[in-house]
Amino acid sequence: TSAGQGSLQLNTTGSNNTGFGQASLGSNTTASNNTAVGKSALTANTTGTENTAVGQGTLQTATTASNNTGVGYNALRDSTGGYNTALGSHSLRLNSTGQYNTALGSNTLRSSTTADNNVAIGRDSMQDNTTGANNAAVGALALHANTTASYNTAIGAFALDSPTTAEYNTSVGYQSLTTVSTGQYNVAVGSNAGLVLTTGGDNVA
C-alpha cells in the first residue's frame with residue numbers, strides 16, 4: 001500500500017509494505033513488512049525488513065537495517081543498525097551502526113553513533129553520547145553530557161548529567177552526582193547526593 005509521490009516506486013518483490021508520504025520507502029526493492037509514514041521515511045531502505053518509521057525523515061538513511069522503530073521527526077534518521085527503538089523528535093538521530101538501543105523523548109541519544117544497549121528515557125537524556133554503551137538514563141537530562149563512558153545508571157532529572165568518560169557509576173535522585181566528570185565506581189542515592197563530586201571514585205553517598 002502506498003500513497004505519495006515516489007512512495008514504493010522501486011519495489012519489485014517486496015511484500016506487506018506500507019508507505020504514506022513523499023518518497024517513503026522510495027528505494028525499497030525486495031524488503032518486506034515495513035511501514036513508513038511521513039516524507040522521506042525509510043526512503044533509502046532497500047532490503048531491510050520489519051521496520052516502522054513514523055514522521056518526516058525517520059530512518060531516512062537506513063538501507064539494510066531491520067527491526068527498528070522510529071517515531072518522531074528525524075528519529076533514527078542516519079541509522080544503519082538494527083533492533084533500535086526511538087520515540088521523540090531527533091531521538092537516536094545520528095545513530096549509525098548502534099544496535100539494541102531504546103530512546104524515549106526528544107533528543108534522547110541524539111548524538112549516539114555506534115553505541116549499543118543503551119536506554120534513555122526523558123528529554124535530552126544521554127543527548128551527547130557517542131560510543132558509550134550499556135548505560136541506563138531515566139529523567140530529563142540524565143547522563144546528558146556522557147560521551148564515551150559505559151556502564152552507568154542514572155535515575156532522576158539531571159542525575160549524572162555532566163560525566164564525559166566516567167564509568168560504573170550509579171546515581172538515583174534529582175541532581176545526584178550531577179558534576180561527576182571522570183570519577184568511577186560511585187554510588188549516590190537521594191536528591192543532590194554527591195552534588196559536588198567531580199573526579200573522585202569509589203564513593204557512597
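Colleague: How far apart do the centres of the positive and negative side chains of the protein chain lie?

Modeller: In this predicted model, local features need pLDDT of at least 70, side-chain atom pairs count only at pLDDT 80 or more, and totals for chains, interfaces and linings use all residues. Side-chain values use heavy atoms, with hydrogens and water left out, and residues are numbered from 1 along each chain as its sequence is written. Lys and Arg count as positive and Asp and Glu as negative, with His and the chain ends not counted; each charge is placed at NZ of Lys, CZ of Arg, CG of Asp or CD of Glu. The protein chain has 5 positive and 8 negative side chains, and the distance between the centres of the two sets is 17 Å.

Colleague: Which secondary structure elements does the protein chain have?

Modeller: Helices (H or I, at least four residues) and strands (E, at least two) are DSSP runs, numbered from the N terminus. The protein chain comes to zero helices and 12 strands.

Colleague: Where does Thr-46 lie, and is Thr-46 buried, partly exposed or exposed?

Modeller: Thr-46 lies in the loop between β3 (35-37) and β4 (52-54). Buried means under 20% relative accessible area and exposed over 50%, with partly exposed in between (1.4 Å probe, protein chains only). Because its relative accessibility is 25%, Thr-46 counts as partly exposed.

Colleague: How many Å separate Thr-46 and Thr-13 in space?

Modeller: The two residues are 33 residues apart in sequence. From C-alpha to C-alpha, Thr-46 and Thr-13 are separated by 11 Å.

Colleague: What share of the residues of the protein chain counts as buried?

Modeller: The protein chain has 205 residues. The share of them that counts as buried is 47%.
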